[in-house]
Amino acid sequence: MKNKLLRVWFTSIIIVIMAGCTSPTPAQNQYRLGIDAAPIKTDTKQCKNKTLKVEQAFGDKLYMSLKMYYVQGKYTQYAYARSRWAQSPNEKITQSITDYLRAMKLFKSVQNADSRTKNDFQMEINIEDFMQYFDENAKNSFVNVVITCNLIDEKQHKTVDAKTFHVSMKAPSNNARGGVVALNKALNIIVKECGLWLVGVCVDK
């Protein structure tokens, strides 16, 4: 009888442990960037018969990772242990700019990096900074986003125009979520500014 009770007890413990292992709760918090900037309305027609290809954004390898990094003080960089990106920043930034320019309808068509079609223009995106920063005491944080866009004439193989966009803003909370919220707002601003810049480039053509 005693052995039977012990077997039941051990079985119950194993079931509890296995239930914990198969819990639907993720081991890490996953965050997404969601761009919702309204496309600019423009009557500019100089680029209506032109096609544009948006190349995959490039930059430091940490922007191509699902790990979420932050900087504390002047010199120390860490990765959040319990938080990660659902989609790497470089992929989301590329997708956001591509989708926004398509919605603007400034060009005849806007192709993504995987397209093999020949296009009139190509846009390179360089992520120079996309990070949450804390002071030495980790009591205050802000984000800094710096992205450079370079528009290239594919036929002439030369730069038509290039512009660097820079947005810095305070995070609403001093944690991973606060950093994501601020980075998302900053990216929304830059995506819209990129659209405005291309309108000006088309007008000057």
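# Briefing on a predicted structure

Ile-189 touches Val-167 and Met-169 when residues up to four places away in sequence are not counted, a contact being heavy atoms within 4.5 Å. This is a predicted model, in which local features need pLDDT of at least 70 and side-chain atom pairs count only at pLDDT 80 or more, while totals for chains, interfaces and linings use all residues. Residues are numbered from 1 along each chain as its sequence is written, and side-chain values use heavy atoms, with hydrogens and water left out. The protein has 3 helices and 9 strands, these being DSSP runs numbered from the N terminus (helices H or I, at least four residues; strands E, at least two).

**Overall build**

- Read along the sequence, the elements follow the pattern α-β-β-β-β-β-α-β-β-β-β-α.
- Of the 205 residues of the protein, 41% count as buried, where buried means under 20% relative accessible area, exposed over 50%, and partly exposed in between, with a 1.4 Å probe and protein chains only.
- Among contacts between residues at least 6 apart in sequence, 72% join residues at least 24 apart.
- The protein exposes about 12300 Å², of which carbon and sulfur atoms supply 52%; accessible areas come from the Shrake-Rupley method with a 1.4 Å probe, and for residues only the protein chains shown count as cover.

**Cavity and pocket**

- A search of the whole structure finds 1 cavity of 30 Å³ or more, and the largest cavity has a volume of about 110 Å³.
- Of the 15 residues that line the largest cavity, Met-68, Tyr-69, Trp-85, Phe-130 and Leu-183 are the closest to its centre.
- Two or more residues of this lining are given by each of strand E4 (67-72), strand E5 (76-85), strand E7 (121-134) and helix H3 (176-204), and the largest share, 4 residues, comes from H3.
- The lining of the largest cavity divides into 12 nonpolar, 2 polar and 1 charged residues; Ala, Val, Leu, Ile, Met, Phe, Trp, Tyr, Cys and Pro count as nonpolar, Asp, Glu, Lys and Arg as charged, and the others, Gly among them, as polar.
- The largest pocket has a volume of about 160 Å³, and its lining divides into 1 nonpolar, 6 polar and 4 charged residues, including Gln-56, Glu-91, Asp-99, Arg-102 and Ala-113.
- Both kinds of space are found on a 1 Å grid over the protein atoms alone: a cavity is a set of points where a 1.4 Å probe fits but cannot get out, a pocket is an open set with protein on both sides within 12 Å along at least five of seven lines, and lining residues have an atom within 4 Å of a point.
- Grid points are joined across faces, edges and corners, and a volume is the space filled by probe spheres set on the points.

**Aromatic pairs**

- A search of the whole structure finds 7 aromatic pairs, which are rings of Phe, Tyr and Trp (its six-membered ring) with centres within 6.5 Å, counted as stacked with planes under 30 degrees apart, edge-to-face over 60 and tilted for the rest.
- The rings of Phe-165 and Trp-197 have centres 6.1 Å apart and planes at 70°, so this pair is edge-to-face.
- This pair links distant parts of the chain, with Phe-165 in strand E9 (residues 158-170) and Trp-197 in helix H3, 32 residues apart, and both Phe-165 and Trp-197 are buried.
- Ring pairs also link Tyr-70, Tyr-78, Tyr-80 and Phe-134 into a cluster.

- Ser-141 lies in strand E8 (residues 141-153) and is buried, with a relative accessible area of 2%.
- Leaving aside neighbours within four places in sequence, Ser-141 is in contact with residues including Gln-132, Phe-134, Lys-170 and Asn-174.

**Positive phi in loops**

- Most residues other than glycine have a negative phi.
- Lys-105, in the loop between helix H2 (89-104) and strand E6 (109-111), has a positive phi near 60° and counts as exposed at 56% relative accessibility.
- His-157, in the loop between E8 and E9, has a positive phi of about 55° although it is not a glycine, and counts as exposed at 68% relative accessibility.
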